[in-house]
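Subject: Structure for your files

Hello,

Here is the structure I said I would pass on. Please look it over before reading my notes below.

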Amino acid sequence: KMEEYPESVVINAFGNKKLKFFNNPEILEGFLSYINYKGKNLLLMSSGNFGGIDLNKISENALRKI
């Protein structure tokens, strides 16, 4: 059980104000389902299992949008 990082700490550490940071799995899942992946790269980082979201479902949805 790690303490949650504040969004500002992560964004400042990467030095990129365009970075998207989520610490709520429902909001992350909604965002991942909404975006168009064509011409984009996606990097997911977690110290766990992304709050239990179904990554297979997310990836299948993303591949359908390409």
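Predicted model: local features only at pLDDT ≥ 70, side-chain atom pairs only at ≥ 80, totals over all residues.

Residues are numbered from 1 along each chain as its sequence is written, and side-chain values use heavy atoms, with hydrogens and water left out.

Overall: the protein has three helices and zero strands, and the order from the N terminus is α-α-α. Helices (H or I, at least four residues) and strands (E, at least two) are DSSP runs, numbered from the N terminus. Along the principal axes, the C-alpha atoms fill a box of roughly 35 × 25 × 15 Å. Of the 66 residues, 17% count as buried (buried is under 20% relative accessible area, exposed over 50%, partly exposed in between, with a 1.4 Å probe and protein chains only). Taking contacts (heavy atoms within 4.5 Å) between residues at least 6 apart in sequence, 50% join residues at least 24 apart.

Helix pair: the axes of helix 2 (residues 25–34) and helix 3 (residues 55–64) come within 9 Å and cross at roughly 20°. Axes here are lines fitted to C-alpha atoms, for helices over the stretch in contact, with angles from 0 to 180 degrees between N-to-C directions. The two helices are therefore roughly parallel to each other (angles under 35 degrees). Their crossing is left-handed, meaning that the near helix is turned anticlockwise from the far one by less than a right angle. Helix 2 contributes E29, L32 and S33 to the contact, and helix 3 contributes K57, I58 and N61. By class, that is two nonpolar, two polar and two charged residues (Leu and Ile are among those counted as nonpolar, Glu and Lys among the charged).

Salt bridge: the count is one, under the rule of a side-chain nitrogen of Lys or Arg within 4 Å of a carboxyl oxygen of Asp or Glu. E29 pairs with K57, and their closest N and O atoms are 3.3 Å apart. E29 lies in helix 2 and K57 in helix 3, so the pair ties together parts 28 residues apart in sequence. K57 is partly exposed, at 45% relative accessible area.

Other residues: N61, in helix 3, is buried at 16%. Beyond its neighbours within four places in sequence, N61 contacts L32 and S33. F50 sits in the loop between helix 2 and helix 3. F50 has a positive phi of about 60° although it is not a glycine, and is buried at 17%.

Regards

Note on methods:
Parallel < 35°, antiparallel > 145°, perpendicular 65-115°, else oblique.
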